[in-house]
Amino acid sequence: MSLPNAAVTQEAMASFATAENPRLAHVMALLVKHLHAFVAESKLSKDEWMQGLQFLTASAAITDEERNEFSLFSDIMGISSMVDVVSQPEGGTPSSVLGPFHNHDSLVRPNGVNLVQDQPGDKVWFHGRVLDVEGQPIANAQIDFWQNADNGLYPAQDPAQDPQNLRCKVQCDAQGGFELLTIRPQPYTVPTDGPVGALLAASRRNIWRPAHYHVIVSAPGFVGLVTELFPQGSAYIDNDTVFGVRPGLVVPFQPCQDPEVAQRFGVDGPLLEVSYEFRLARPA
Ligand code: BEZ
Ligand code: FE
């Protein structure tokens, strides 16, 4: 004879079997199975359940076009990173979290653009290629790049910055090559003024992310890549509050030895260099 809690679980799982989309029926049944197991194992009290509902209600209240507390919750729970890991195509560059500061309206700038102009920060020549998983160049791939400024803030957090500051789309050349001049990114904290911040504080968790560049790489006929590059040795590289750091995405920022590069970008003073080869997979 079934135990009553097992019967509730079975019935709730089966209730999704009517879905027209079989994948929806499958995923929802599994979600019910694991959530019920969590309630049973933790012996969740009514007060705790109510606190959970209040957390979701407060998250909804603070969420708008500019800010999504549910997405941040997914990030700090490691769910976004788990989705990245389980959907990783074989042989491609590891993906990493998108974060809330991507801007679809980023401008297409010439390959070789100088994004620095006269703002503070250590200047960095970021260059590389886009290849397929066999190492063949992908002609005319697109790089969508964004990062924070030297004060640790993105334009959405800092009215003093132009909305297009330190971001661009660049069309790679026929050999998949790209280059741009930017600055070293800085570590920063995830937004902590909402219910997720309260949860992090109650849990005495780190609120910082290591410094990173965000990059979306796309090319017709290939699976798009959303990823990040992390400077070797950055603070919090071993303790990213959203679990985005993966082997293969940590890169050295080395002094650039080629004086012709500094000359080409009109830079005097020190110049750092980051070189990276992104690998895109074809759809399975
Ligand atoms: C970011 O990289 O900008 C970010 C990612 C996840 C949560 C908050 C910020
Ligand atoms: Fe970021």
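**A predicted chain and its enclosed ligand**

Glycine 248 counts as partly exposed because its relative accessibility is 46%, where partly exposed lies between buried (under 20% relative accessible area) and exposed (over 50%), using a 1.4 Å probe and protein chains only. The structure is a predicted model, in which local features need pLDDT of at least 70, side-chain atom pairs count only at pLDDT 80 or more, and totals for chains, interfaces and linings use all residues. Residues are numbered from 1 along each chain as its sequence is written, chains are lettered from A and ligands numbered from 1 in the order in which they are written, and side-chain values use heavy atoms, with hydrogens and water left out.

The overall picture comes next. The chain has seven helices and 12 strands; these are DSSP runs numbered from the N terminus, with helices being H or I of at least four residues and strands E of at least two. The C-alpha trace spans about 80 × 40 × 30 Å along its principal axes, and 40% of the 284 residues count as buried.

Glycine 248 belongs to the loop between β9 (225-231) and β10 (250-251). Its C-alpha lies 14 Å from that of aspartate 84, and the two residues are 164 apart in sequence. Glycine 128 is part of strand β2 (residues 123-132) and counts as buried because its relative accessibility is 13%. From glycine 128 to cysteine 172, 44 residues apart along the chain, the C-alpha separation is 9.5 Å. Phenylalanine 73 is placed in helix α4 (residues 69-76), and its relative accessible area of 23% makes it partly exposed. Between phenylalanine 73 and leucine 56, 17 residues apart along the chain, the C-alpha atoms are separated by 9.8 Å.

Lysine 43 is not a glycine, yet it has a positive phi of about 50 degrees. This lysine 43 sits in the loop between α2 (22-42) and α3 (46-62), and it counts as exposed because its relative accessibility is 70%. Arginine 204, also not a glycine, has a positive phi of about 50 degrees. Its loop runs between α6 (195-202) and β7 (208-209), and arginine 204 counts as exposed because its relative accessibility is 79%.

Attention now turns to the ligand. Ligand 1 sits in the largest cavity. Here a cavity is a set of points, on a 1 Å grid over the protein atoms alone, where a 1.4 Å probe fits but cannot get out, and a molecule sits in it if more than half of its atoms lie within 2 Å of its grid points. Of the 13 residues around ligand 1, those that come nearest are Asp75, Tyr188, Arg209, His212 and His214; a residue is near if one of its heavy atoms lies within 4 Å. The shell comprises seven nonpolar, three polar and three charged residues, with Ala, Val, Leu, Ile, Met, Phe, Trp, Tyr, Cys and Pro counted as nonpolar, Asp, Glu, Lys and Arg as charged, and the others, Gly among them, as polar.

For arginine 209 the distance to an oxygen atom of ligand 1 is 2.6 Å, for histidine 214 it is 3.0 Å, and for histidine 212 it is 3.1 Å. On its own, ligand 1 has 260 Å² of accessible area, and the protein covers 100% of it, with areas taken from the Shrake-Rupley method with a 1.4 Å probe.

How values were computed: A polar contact is a pair of N or O atoms within 3.5 Å; within protein, one must be able to donate a hydrogen and the other to accept it, and residues adjacent in sequence count only if both atoms are side-chain atoms. On a 1 Å grid over the protein atoms alone, a cavity is a set of points where a 1.4 Å probe fits but cannot get out, and a pocket is an open set with protein on both sides within 12 Å along at least five of seven lines; lining residues have an atom within 4 Å of a point.
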